[in-house]
Amino acid sequence: MGEPYEDSHLNGDSKKPELSFFITESQLREEFAHHQPLVARINNGSFGSCPASIIAAQRRWQLKFLQQPDDFFVNHLQSHILHSRTLVKHLINADDVDEVSIVDNATTAAAIVLQHVGWAFAKGRFQKGDAVVMLHCAFQAVKKSIEAYVTRAGGSVVVVQLPFPLSSTEEIVVAFRKGLARGKANGRKVRLAIIDHITSMPCVVIPVRELVRICREEGVDQVFVDAAHAIGSVHVDVKDIGADFYVSNLHKWFFCPPSVAFLHCRKLPVMPDLHHPVVSHEYGNGLAIESAWIGTRDYSSQLVVPEVLDFIDRFEGGIEGIRKRNHDAVVQMAEMLAKAWGTNLGSPPDMCPSMAMVGLPASLGISSDADASKLRTHLRDHFGVEVPLHYQAPKENEIEAENGDRDSLITGYARISHQVYNTVDDYHKFRDAINQLVQDMIKVLQRMGCRPINKTHKGHNHEGGVKIDSSKGEKLLVLGD
Amino acid sequence: MFLSRSLHKPFSATASSSSSSVSSMASHHLHHQNGDSTITTTHSPPSKKLKATPITPSELLAEFSHHHPSTARINNGSFGSCPASIIAAQRKYQLQYLQQPDDFYFNRLKPYILKTRSIIKDLINADHVDEISVVDNATTAAAIVLQHITWSFFESKFNKGDTAVMLHYAYGAVKKSVQAYVTRAGGEVIEVKLPFPLKSNDEIITEFKKALEKGKSNGRKIRLAVIDHVTSMPCVVIPVKELVKICRDEGVDRIFVDAAHAIGCAEVDMQDIGADFYTSNLHKWFFCPPSVAFLYSRKTDKIADLHHPVVSHEYGNGLAVESAWIGTRDYSAQLVLPEVMDFLSRFEGGIDGIRKRNHERVVEMGEMLAAVWGTHLGSPPKMCASLAMVGMPACLGISSDSDALKLRTHLRDCFGIEVPIYYRAPNDGEFNPITGYARISHQVYNTTEDYYKFRDAVNKLVNDAFTCALLSD
């Protein structure tokens with residue numbers, strides 16, 4: 001069974017084991033052999049993934065607790081959490097380990113930061129109507145947390161609309177400036193801006209460093225970067241980014257088991273008075289210490305960071321190498337899909353992390369969130385493809401551009417992920433599934449006696465599909481070449 | 001529009017699970033029928049329950065063989081314990097998730113948690129499954145209840161200075177939580193000073209009534225009473241039913257019973273006890289892995305707008321639904337109740353039988369130790385659950401909390417005994433007072449040897465003229 005790697009890691013010893021050879025193909029397959037076979041798992045973004053050797057390490061920690069929990073609590077837990085925090089500090093270029101707290105997930109971190117805002121309103125440090133700024137595509141849990149802690153406490157919320165699809169980061173910067181200015185209208189004070197580093201749906205990399213700078217220029221009190229996806233898929237340097245609060249999940253792209261995240265809190269100018277909402281005897285000893293004991297529970301997922309770093313070392317270029325290859329592969333696959341379907345990417349490659357938004361054929365007729373959800377379920381249940389889908393309502397000017405022709409517009413995007421366990425077959429499977437769906441629609445409509453016409457969408461020939469000609473009120477079947 | 005499903009055959013990989021069938025996601029099976037060939041389940045649907053085979057002594061040994069050998073583990077009260085077959089069941093759920101987390105999230109998690117809540121509802125005689133939320137631990141439950149109090153102060157439903165009453169022996173985390181959420185929001189806290197050692201429930205009731213009087217003085221309203229069912233240190237069973245009734249008589253707004261230990265070592269009946277909120281940890285005395293607890297919230301006309309502090313997209317859908325999704329994490333500890341019920345059925349009398357035997361044994365062992373050491377129990381047997389407070393010989397010189405902790409560490413490190421020690425300040429004029437009490441536990445894995453080992457260790461310390469003053473910091 002072996003002991004957890006106590007000694008070498010407790011001292012921050014950076015000596016790696018002698019056998020630091022690169023992981024082979026078959027070892028890699030073994031590491032992820034527990035993934036459901038025959039499922040094209042192209043959704044690492046939602047729940048992440050964890051290699052078998054890390055699961056084994058986690059189990060060793062779990063067993064250690066179960067063997068003698070008192071001894072574990074008194075003699076091991078705190079030092080190992082401190083070790084995890086120290087490793088994270090180095091990873092993210094934080095100044096001080098005091099700034100790094102380990103929590104369950106970004107959702108918990110959001111509650112911590114927002115509860116702090118709630119107290120400020122309740123205690124009169126913030127005035128009723130003072131604003132919190134968020135992106136319109138903020139993660140739903142964060143939106144609800146704002147409702148629960150800010151709106152309920154009398155704060156107002158400014159929602160910044162970001163465009164999608166996008167052609168450049170400049171579009172984001174412009175939209176953000178506009179949104180922030182609107183938020184400050186009527187002399188409202190903006191107490192907190194919540195900015196995603198990588199938005200969830202639709203998924204793009206946000207120029208956080210620039211947006212943080214804009215926030216400072218515009219006198220926003222504090223900035224909270226929700227970077228749930230970031231660690232392991234983009235470069236993370238919290239000093240460079242310069243936010244007050246920064247959170248990322250280690251179980252998404254950093255191979256940790258569910259669940260573990262870090263919340264970085266800049267201690268300048270002063271260490272903010274954040275508290276973990278689950279109060280234990282450690283209350284008042286600083287967020288990092290409070291978070292390291294929130295009652296009896298299984299902390300094992302927070303303890304495997306050393307083992308994860310060893311795992312990452314077995315890849316060429318370490319985490320940077322993994323990141324780069326994931327990005328290159330996902331862009332390549334996205335472009336392959338877009339070409340096969342006659343669609344496009346939702347953003348330029350340089351705004352894609354290890355995920356990409358790929359337009360789905362307009363002929364699928366995704367016209368609501370519910371449609372996207374149903375199609376996603378259908379892909380899972382009938383094709384063994386796991387991929388989240390996003391519904392993007394067409395803008396008025398887009399519809400005009402198509403001469404009022406809504407049905408040629410791309411309204412659905414798939415968010416494909418690439419992690420080390422993915423293969424080209426996963427994306428081919430997805431490609432073929434969509435092609436199959438489109439083909440079947442054509443057959444159905446032919447059976448329904450639809451009149452075929454030839455039409456291309458934006459100059460591309462595509463597979464064909466359904467188009468409602470509202471002027472004639474007929475269903476017309478569009479055939480591609 | 002998009003294509004109807006009927007054109008496609010359901011995706012049938014060899015490893016596909018029945019839960020990913022074409023039929024709607026609303027087909028939440030409450031039992032874990034599972035066509036997944038890569039995962040075996042240990043439990044069968046309720047309708048096909050076979051008569052459980054009684055557990056043999058050697059099977060019982062095997063179930064707890066992961067416990068550190070050579071440690072006399074007489075502290076089940078702190079962190080509980082979990083049999084090997086339940087750990088194995090938990091790992092199956094963990095693996096299910098890791099295999100296909102989206103499928104797990106969309107198709108399995110909610111029905112599993114609903115099943116857990118249903119089992120708990122029946123266990124504790126609650127009226128409705130809506131009243132049952134599953135949370136990590138009693139510490140979390142306390143934060144939930146107390147945060148609600150905070151909002152009531154902020155939204156001016158309560159007045160500054162309104163009071164919360166709690167026992168002086170309330171758990172450290174709960175005291176801090178009361179500070180963090182009540183004091184910080186402008187409320188005042190009244191502590192009920194209980195004597196220890198105790199002779200009867202009357203001593204508790206008298207002090208409690210006094211504290212309520214104080215809480216109501218000067219026109220204040222008592223907004224919350226926090227009452228332990230089984231106090232932690234020192235450990236006694238509190239007459240909660242009586243105290244709840246007194247609270248109702250005295251017009252206390254809400255009553256929260258912190259029963260962290262109770263389920264599996266005391267009688268837990270929501271109708272009988274009558275509190276508004278009640279929490280207990282299932283990983284202490286109910287054989288669940290770390291960690292899982294329930295928070296019961298009585299359905300009344302008064303809306304108790306409780307929320308989980310970790311807010312997800314489920315916010316506003318009721319505490320039970322909010323608590324069932326607080327972001328991506330490992331919920332597997334919350335899913336093994338069916339397997340635990342199977343485990344319990346292998347013991348004569350089920351959980352009640354276990355409880356009764358634990359109680360009898362711990363009292364027997366407590367009295368044995370007290371007789372050998374010339375001390376006494378800290379409370380009469382009927383005020384002991386599956387734990388007992390046993391006086392330590394006065395000559396050990398336990399004269400502070402720090403001494404008690406050092407002695408505990410010494411017993412762990414040098415004698416292989418795990419037992420928490422409580423320091424009790426002597427009253428004025430007490431002759432040769434007993435100032436230290438060991439809180440011994442008894443759970444199904446304990447043997448008489450565990451307590452003999454403790455007896456002998458303390459005897460040795462006494463014979464060697466050991467005192468806590470000799471221990472370094």
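**Close-up views of a predicted model**

**View 1. Helices α13(B) and α15(B) run roughly parallel to each other, because their angle falls under 35 degrees.** In this predicted model, residues are numbered from 1 along each chain as its sequence is written, chains are lettered from A and ligands numbered from 1 in the order in which they are written. Local features need pLDDT of at least 70, side-chain atom pairs count only at pLDDT 80 or more, totals for chains, interfaces and linings use all residues, and side-chain values use heavy atoms, with hydrogens and water left out. Helix α13 of chain B spans residues 350-373 and helix α15 of chain B spans residues 448-463; they pack at an angle of about 20 degrees with axes 10 Å apart. Helices (H or I, at least four residues) and strands (E, at least two) are DSSP runs numbered from the N terminus. Axes are lines fitted to C-alpha atoms, for helices over the stretch in contact, and angles run from 0 to 180 degrees between N-to-C directions. The contact (heavy atoms within 4.5 Å) involves, among others, B:M365, B:L369 and B:W373 of α13(B) and B:Y451, B:F454 and B:V458 of α15(B). By class, this contact of α13(B) with α15(B) holds 9 nonpolar, 2 polar and 2 charged residues. Ala, Val, Leu, Ile, Met, Phe, Trp, Tyr, Cys and Pro count as nonpolar, Asp, Glu, Lys and Arg as charged, and the others, Gly among them, as polar.

**View 2. Helices α4(B) and α12(B) are oblique to each other.** Oblique covers the angles left after roughly parallel, roughly antiparallel (over 145 degrees) and roughly perpendicular (65 to 115). Helix α4 (residues 101-124) and helix α12 (residues 337-344) of chain B pack at about 45 degrees, their axes 9 Å apart. B:K115, B:T116, B:I119 and B:L123 of α4(B) meet B:L337, B:P338 and B:M341 of α12(B). These residues of the contact of α4(B) with α12(B) comprise 5 nonpolar, 1 polar and 1 charged.

**View 3. A:E218 lies in the loop between α9 (208-217) and β6 (222-226) of chain A.** A:E218 counts as partly exposed, because its relative accessibility is 30%; buried means under 20% relative accessible area, exposed over 50%, and partly exposed in between (1.4 Å probe, protein chains only). Leaving aside neighbours within four places in sequence, A:E218 is in contact with A:R177, A:L180 and A:K184. The C-alpha atoms of A:E218 and A:L180 are separated by 8.1 Å, and these residues are 38 residues apart along the chain.
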